[in-house]
Amino acid sequence: MELTSAVQQLLNAGEGIVCKAALDSILVQESTWERKHTVLAIVKYISNEEDAFFVFTHNGNVNSGLDLRICNAIPIKGHFKYSYHVESKEAGSYIPMQISTNNLQLNFEVIYNQRTSGFVAQMKESTLNSISKITRGISPQFSWLSKYVNQVGRTPQLSTDHVTQNQESNVQTSATAVGAQSSQQHRTNPFVQPNVYSPPLQTNARPTSYVNPHASSHPSHNPYVNVPVDPLTRHSHVGSHPLRRHHAIRDPRTASLIDFDINSSAYAELDLSGNRGSTFTSYVDKNGSAFQENQGNSSFYLTSGGTASSSTQKAQPLVGFEDNFLDLSINRSSSSNTSLSTTSTESPYEYKSLDSFENDAGYAKLKPIVKPAGVREEILKRRESEYTYPHPFKLFVGTWNVNGQNAVELLTPWLAQSKSAPDMYVVGFQELDLSKEAFLFNDSPREEEWFKAVEAALHKSATYRKIKLIRLVGMMLIAFVQERHHPFVSNVMAETVGTGIMGKMGNKGGVAIRFEFHNTSFCFVNTHLAAHVEEFERRNQDFHDICQRMMFEREGKTALSVFHHDKLIWLGDLNYRIDYYDSETVKAYIQKGDYDILLQNDQLNHQRKQKKVFTGFNEGHIKFPPTYKYDTGTDRWDSSEKQRAPAWCDRILYKGNEIMQLDYSYHKALKLSDHKPVSSNFEIVVKVIDEKKYRDVVEEEIRNQDRVENEALPQVTLENNQLEFENVKFMEPRTKKVSLANTGQTGVHFKFVNKLEDKHFCKPWLKVEPSEAYFLPGDLVELTVRILVDKNTAAALNCGEDKIEDILVLHLENGKDYYITINGNYIASCFGSSIEALTRMHCPIRDMDPKDVTALEQGKSDFDSVQKFDIPKEIWMIVDHLFRNGLKQEDLFRQEGLKNEILDIKDCLDLGIPEEIPGSIHSVAESLMLFLESLREPVIPFKYYQKCLDSSNNFVLCKQVMGMIPTSHKNVFKYLTAFIRELLFNSDENKLDAKTLSTMFGSLFLRTQNASQLEKSGRTSLSVARKKASFVYQFLINEYDD
């Protein structure tokens, strides 16, 4: 977990506390050189605009806020000073930092890098904010820090600076601070209270290795390139210590620090000039003059008149570190108050309140940045901290399962209950339309109806524009943004994934919208997962299917998954229920308001704890009643015959850094559905681009790119160029990893390219990620090579038209090509075979010689004398099982099966004739549909496809077409339509109808070899689907006899 997120989690950021910056450090006691892992943080209390400096201890790894212990909380106000000693400009080296107040001095070691720069900039900003408040006559309070006294563990001590000014004189320091004079003979740890046991710090001990918790995990470390010496082991730990070179802070020109009151102020700021062996301090004297001392070979300070002076040369800011205070001027007025003004309009690290942002004329002048084509996105992304500054925006997220109802209620109580207008709205619906038209053809008039209802209920104090609307059957997701923000929204995309029967029907699944707002990427996923209490495993499967299949394709770039975004919000009817309790027990706990006991048995919470779903996501604490199931139009729990137990089906989860959930609630005022709507308001920090700094970075990178590309050719090392995949099976993915390292002196752009006349760089059963990327010298990219033989590729492998063989061509821009060879063998399956071949197989396909299987598929005359079955034995076994066990099963062919059960059924059919087919009835039903969809040639052969569509409205013409097709195909068609009629005879129990079944089986019986060309030609898929359904429907309502 990011340190900022861990700190926010510990400090309960939902109460208006936000961690602006956090930094890994090591606490050093100069007298003993004992050292302890610590985390430093700048924390803001938003309501009072007050900042504090926090110190936390941990045991070496920070995975969550539970790993941190609050040790010190120091208000950034009077007497707060910090200094920084730059011994070397080498990135990754350790440099000392000192924090001090009147009664406290702490010494730390921090890593010299960009993150430290950002942290220093935040300290500077916090200090200036404190000064600004004093000059406006606002006294510091910091009463909010008092609550953290009770959170201090047994070892830490809270600084006495946390109290208000009126309380300071009455507080006695409970422990001697490091660096302060003490009459005690023993050395005192500033984090230890007297008479309380604390484990001893390890003297002269460093960790054996250091893992940067902020380092990017992709690309990863390159094992092929020599790396610098570990910064933690570059110094000897015996004898003198590197921190002994640290200079003490002293007052220049006899300036003395003063108390922090309304008429005077003190602040500290760090100027990193990068001069070797320099220490920097800064503060304001009683007269309001700003002084800054550099004890190295150059110095810079601000005179009382606000002008800059230099003793040797103008100090240059350290590369990668922001602002050496040259943009500041401090003016003296005739009054005793100190005033501060800045020559720049906005600091790139400024983090203003939402209220000030609303009225900021500067924001209105911002213009969208056109990103140049000459500099790679990956390079700019790595340097974004140099040209962006964080800023909070308000986001409203809502979800509601409307149970197929019309939009007859006003949605304002749900969407516009807050006082201030959100910057963005994201609203998701489930079960928008329960009609057969919506289910079968994804066509619904409810889309426009509900869109208008939402649009009319948005907050009236702002004007909004639609970003995107996406719908799949009953799932709809809409995103809006305030008009003034719309120019900063870019790269909008939307995708859908159906997880219903055959993994494509849209009765269950998800819809998603992604976009970039300023320089931060967002993704919102609205899902409706499998129903029923006992089906939590199917819900887990739906979640993973959506995560795997929800990909945003980008032309010329690697596709983005939902997890390739800075902020990810997941909402919807997740359908997880409450275990172990019956309906009456659940209602009794709800009546008492005892939600926590019920939430302990919430299925989603159980599955998350076991890390089976939503790993790394957060969800706010639920303090509202279950949102399902109510009698429609009331607040009464379900009184139907089924008496379903209440449950928190409707949820909102989130993943990403700097996301603060402000509230999480339901809305009982809306009663038209059996669900209640749920909402959550967030404050999300977004990276806003500073145009000037962005232009400077781009120009610098263009110069660097030209220089480097002229000096060196790209060079890479490929870990393995021959991959073997043995015994590949139908629908069982196989994956191998290959490492690609940049061992040259320049950045490398690689891309897998097509071979000769091929349309794609790899065969359809093969996938490589990433297929294209850019990475810098010393980086390593891990290529994932995945083989999956599915319904679209199995037939060619079964008949010998294709083999598990391919050659990947990896092309380096301005460099040479590398080749990766793929080899393997495929184990034939009845899934992907032809009807003609299967009718001649008297034994399971796995018992046959692979050469004989290929010969049968190719129709060689050697097998003409073999007696044929009327229909393939595999179809008979599946249909017979469904006939005996599933005729009255509700939702048969509408509820998806489990993947592992479908694979077991496949193996069962391939290996032999079982006494009983394994798996649930829904898994068997889906196996039948998958089998039919995988046939090498469909039930109605390809050559008769168009004739069937043309005759679909006339039963006589339909019979004429059936008279033309091969006998084996005709037998299968008659057998399956007879089974469908049996299902319709039991429609009172199974709730099936002729229209639904004819539509589903029509898409299986009638397939075209040129489906992609048909789509591209502009022919209406809806019209074609209806013709397919009509053709099958003719044989369900009429008797068919040859």
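Lysine 611 lies in the loop between α14 and β25, where helices (H or I, at least four residues) and strands (E, at least two) are DSSP runs numbered from the N terminus. Lysine 611 has a positive phi of about 60 degrees, although it is not a glycine. Keep in mind that this is a predicted model, in which local features need pLDDT of at least 70 and side-chain atom pairs count only at pLDDT 80 or more, while totals for chains, interfaces and linings use all residues. Residues are numbered from 1 along each chain as its sequence is written, and side-chain values use heavy atoms, with hydrogens and water left out.

**Backbone features**

- Lysine 611 is exposed, with a relative accessible area of 63%; here buried means under 20%, exposed over 50% and partly exposed in between, with a 1.4 Å probe and protein chains only.
- Asparagine 727 also has a positive phi without being a glycine, near 55 degrees. Asparagine 727 belongs to strand β29 (residues 722-728) and is partly exposed at 41% relative accessibility.
- Tyrosine 628 and lysine 629 are joined by a cis peptide bond with omega of about 5 degrees. Lysine 629 is in the loop between α14 (603-609) and β25 (650-655).
- A cis peptide bond also runs from glutamate 769 to proline 770, with omega near -10 degrees. Proline 770 sits in the loop between β32 (766-769) and β33 (772-775).

**Aromatic pairs**

- Rings of Phe, Tyr and Trp (its six-membered ring) pair if their centres lie within 6.5 Å; planes under 30 degrees apart count as stacked, over 60 as edge-to-face and the rest as tilted. By this rule there are 43 aromatic pairs.
- Phenylalanine 730 and phenylalanine 831 are stacked, because their ring centres are 5.4 Å apart and their planes stand at 25 degrees. Phenylalanine 730 is in the loop between β29 and β30 (734-742) and phenylalanine 831 in the loop between β36 (817-826) and α17 (835-839), so the pair ties together parts that are 101 residues apart in sequence. Both phenylalanine 730 and phenylalanine 831 are buried.
- Phenylalanine 973 and phenylalanine 1035 form an edge-to-face pair, because their centres are 5.0 Å apart and their planes stand at 85 degrees. With phenylalanine 973 in helix α24 (residues 967-985) and phenylalanine 1035 in helix α28 (residues 1021-1037), the pair ties together parts that are 62 residues apart in sequence. Phenylalanine 973 and phenylalanine 1035 are both buried.
- One aromatic cluster includes Phe973 and Phe1035, along with Phe893, Phe955, Phe979, Phe1001, Phe1005 and Phe1031.

**Charges over rings**

- The charged end of arginine 539 sits over the ring of tyrosine 576, 5.3 Å from its centre; the rule asks for NZ of Lys or CZ of Arg within 6 Å of the ring centre and within 35 degrees of the ring normal.
- Lysine 676 lies over the face of tyrosine 630, at 4.9 Å from the ring centre.

**Cavities**

- Across the whole structure, a search finds nine cavities of 30 Å³ or more. On a 1 Å grid over the protein atoms alone, a cavity is a set of points where a 1.4 Å probe fits but cannot get out, and lining residues have an atom within 4 Å of a point.
- The largest cavity has a volume of about 100 Å³, a volume being the space filled by probe spheres set on the points, which are joined across faces, edges and corners.
- Of the 14 residues lining the largest cavity, Glu50, Ile76, Ser130, Lys133 and Phe142 are the closest to its centre.
- β3 (50-57) and α2 (114-135) are the elements that give two or more residues to this lining, and α2 provides the largest share, five residues.
- The lining divides into six nonpolar, four polar and four charged residues; Ala, Val, Leu, Ile, Met, Phe, Trp, Tyr, Cys and Pro count as nonpolar, Asp, Glu, Lys and Arg as charged, and the others, Gly among them, as polar.

Key
On a 1 Å grid over the protein atoms alone, a cavity is a set of points where a 1.4 Å probe fits but cannot get out, and a pocket is an open set with protein on both sides within 12 Å along at least five of seven lines; lining residues have an atom within 4 Å of a point.
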